[in-house]
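Have the model open while you read.

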Amino acid sequence: TKLSTDDVAIVLGPQNPLFHQESDTVSVEELADYPLISYEEMDHYHYSDRAWLIGIRPSAGEIIVNGKDELNTLLEHTNAFSVISYNDLHYANLPFYRSRLRTLHLKDCELFLEFGVVARKGHALSDLAQEFVESLVGG
């Protein structure tokens with residue numbers, strides 16, 4: 001079952017000048033002078049490695065992190081940015097992102113991510129799986 005189709009977007013903090021711009025979009029060229037933060041772990045591959053696919057080549061280098069806390073700290077206190085999949089519903093439920101970070105959509109980006117759940121036909125999801133799905137779709 002398809003749950004959502006998410007845009008690929010950029011997240012950054014107040015130390016990045018793009019944070020303060022009026023526009024909600026940014027081009028890959030505008031990101032070139034800022035460092036990219038990526039995850040080292042392969043289970044985050046779908047978020048961080050998309051930078052290469054959408055043409056982001058930061059001349060300021062790349063910072064590799066091990067987890068979300070480290071990522072958020074760097075985003076909040078440096079001019080670095082990260083590539084994320086953006087779902088309005090999901091990020092609306094994360095106060096840290098609403099209050100300290102900003103998401104910008106990428107101009108002319110045709111890449112998106114689809115999320116879904118696979119279950120056997122005719123079998124109900126476990127309570128935990130159902131709770132997870134409902135948190136993603138706002139049910």
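1. By the rule used here (a side-chain nitrogen of Lys or Arg within 4 Å of a carboxyl oxygen of Asp or Glu), the count is three salt bridges. Bear in mind that this is a predicted model, where local features need pLDDT of at least 70, side-chain atom pairs count only at pLDDT 80 or more, and totals for chains, interfaces and linings use all residues. Residues are numbered from 1 along each chain as its sequence is written, and side-chain values use heavy atoms, with hydrogens and water left out.

2. Take aspartate 24 and arginine 102: their side chains meet in a salt bridge at 2.8 Å, N to O. Aspartate 24 sits in the loop between β1 and β2 (25-26), while arginine 102 belongs to strand β6, 78 residues apart. Helices (H or I, at least four residues) and strands (E, at least two) are DSSP runs, numbered from the N terminus. Arginine 102 counts as buried at 15% relative accessibility, and aspartate 24 is partly exposed at 47%; the cut-offs are under 20% relative accessible area for buried, over 50% for exposed, and partly exposed in between (1.4 Å probe, protein chains only).

3. Next, lysine 107 and glutamate 30 form a salt bridge at 3.8 Å, N to O. This pair ties the loop between β6 and β7 (112-116) to helix α1 (residues 28-31), 77 residues apart. Lysine 107 is partly exposed at 40%, and glutamate 30 is partly exposed at 31%.

4. Then there is arginine 100 with glutamate 76, also a salt bridge, 3.8 Å from N to O. Helix α6 (residues 95-100) holds the arginine and helix α4 (residues 68-77) the glutamate, 24 residues apart. Glutamate 76 is buried, at 19%, whereas arginine 100 is partly exposed, at 40%.

5. On to the strands: which ones does β3 pair with? β3 runs parallel to β4 (residues 62-65) over four bridges, and two bridges join β3 to β5, again parallel; pairing takes at least two DSSP bridges between the strands. Leucine 36 has glutamate 62 as its bridge partner in β4 and phenylalanine 81 in β5. Both faces of β3 are covered, with Leu36 and Ser38 buried on one side and Ile37 and Tyr39 on the other.
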